Amino acid sequence: MLYGHQTWVFPAKPTVLSAATVVGPFEARGPLAEEFDIIHGDLWLGQDSYEKAEKKMMEEACEIAVQKAGLQKQDIQFFLGGDLLNQIISSSFAARTLAVPYLGLFGACSTSMEGLALASLLIDSHSAQYVLCGTASHNTAVEKQFRYPTEYGSQKPPTAQWTVTGAGAALLGPDGQGPKVTAATIGRVVDMGLSDPFNMGAAMAPAAVDTITAHFRDLRIAPDEYDLIATGDLGRVGHEIAKDLLTKHDLSIPEKIFTDCGLLIYSQDQPVMAGGSGCGCSAVVTYGHIFNQMKKGKFKKVLIIATGALLSPLSYQQKESIPCIAHAVSLEYDS
């Protein structure tokens, strides 16, 4: 059901029956290490390329989510997946392994909540009973595609962010135990003319603010409706910009409930510049840490706003600016 201009409200409240997270060794050194299902000791995962390693992470996350829900792959009607690599190959090849009807998505780092929103819409509209959604990113695969191979040893500015090596998947059904998806606000493309691929937080912050303000405007609610409001991967730079922009929009979110997944996943002593980023960032933090906190009773209602920069190596070479987007999903959990 459409509320306002860009928000879906789901009367049936689809349930996240299970979720799974897989991360690499660097993420294991962060404060959320105990929240993940699988931690790999190296970036290769026994594969002969980083791209194949990313595909394997996606496959593992999907398989664990299905197992946790006590289902079989043949029970799932659709798999919604996306990633950062050219032609979303990690998701497509994982779908080949799953052998489940597949819809490929590209929302850059906003893909986690884009998939969760669309999966909820399919279930709420009775177009499916069980839907699996997932996303992944791999630090060295993404660096090689969008910036410089790690062997090059290029120095990054303090505004740059560290791409998370991780995959997250969620399996949704019409009812059951788990967080309920109550609403989703679909973002608009916002482009403020920034073109620096080493300052993604600044580029994405206006899109995050646009979606956040739309969510509260459409639903006619205030930020204090939520116990936690978390953006996807703005990092330190983007998070500060977002707070300033929200104040200018007369929407003040209390600091104690407003955070960013890119700030949560790594510790302050890890050399991640401005924080974490990548498709896997909001996915593993939400499906791991935040879901666990909801199940423990710390959070009853949360809003996750995954942010994405819709650039490519081709657009950068053509000196294009960086169009950005953010999608928000509202989740509730009653213990």
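**Close-up 1. The buried residues of helix H5.** Asn139, Thr140, Ala141, Val142, Glu143, Gln145 and Phe146 are the buried residues here, where buried means under 20% relative accessible area with a 1.4 Å probe, protein chains only. The helix spans residues 139-146 and is mostly covered, with seven of its eight residues buried. Helices are DSSP runs of H or I with at least four residues, strands are E runs of at least two, and both are numbered from the N terminus. Packed against the buried part of H5 are H2, strand E7 (131-137), strand E8 (162-163) and helix H10 (313-317).

This is a predicted model, in which local features need pLDDT of at least 70, side-chain atom pairs count only at pLDDT 80 or more, and totals for chains, interfaces and linings use all residues. Residues are numbered from 1 along each chain as its sequence is written, and side-chain values use heavy atoms, leaving out hydrogens and water.

**Close-up 2. Glutamate 59 in helix H2.** Look for this residue in H2, which covers residues 50-68. Glutamate 59 counts as buried because its relative accessibility is 12%. Setting aside neighbours within four places in sequence, glutamate 59 is in contact with Phe93, Ala94 and Thr97; contact means heavy atoms within 4.5 Å.

**Close-up 3. Who supplies the lining of the second largest cavity?** Helix H4 gives the most, with four residues. Strand E5 (78-83), helix H4 (111-124) and E7 each supply at least two. The lining divides into five nonpolar, seven polar and no charged residues, with Ala, Val, Leu, Ile, Met, Phe, Trp, Tyr, Cys and Pro counted as nonpolar, Asp, Glu, Lys and Arg as charged, and the others, Gly among them, as polar.

Definitions and conventions. Buried < 20%, exposed > 50% of the residue type's maximum accessible area, 1.4 Å probe, protein only.
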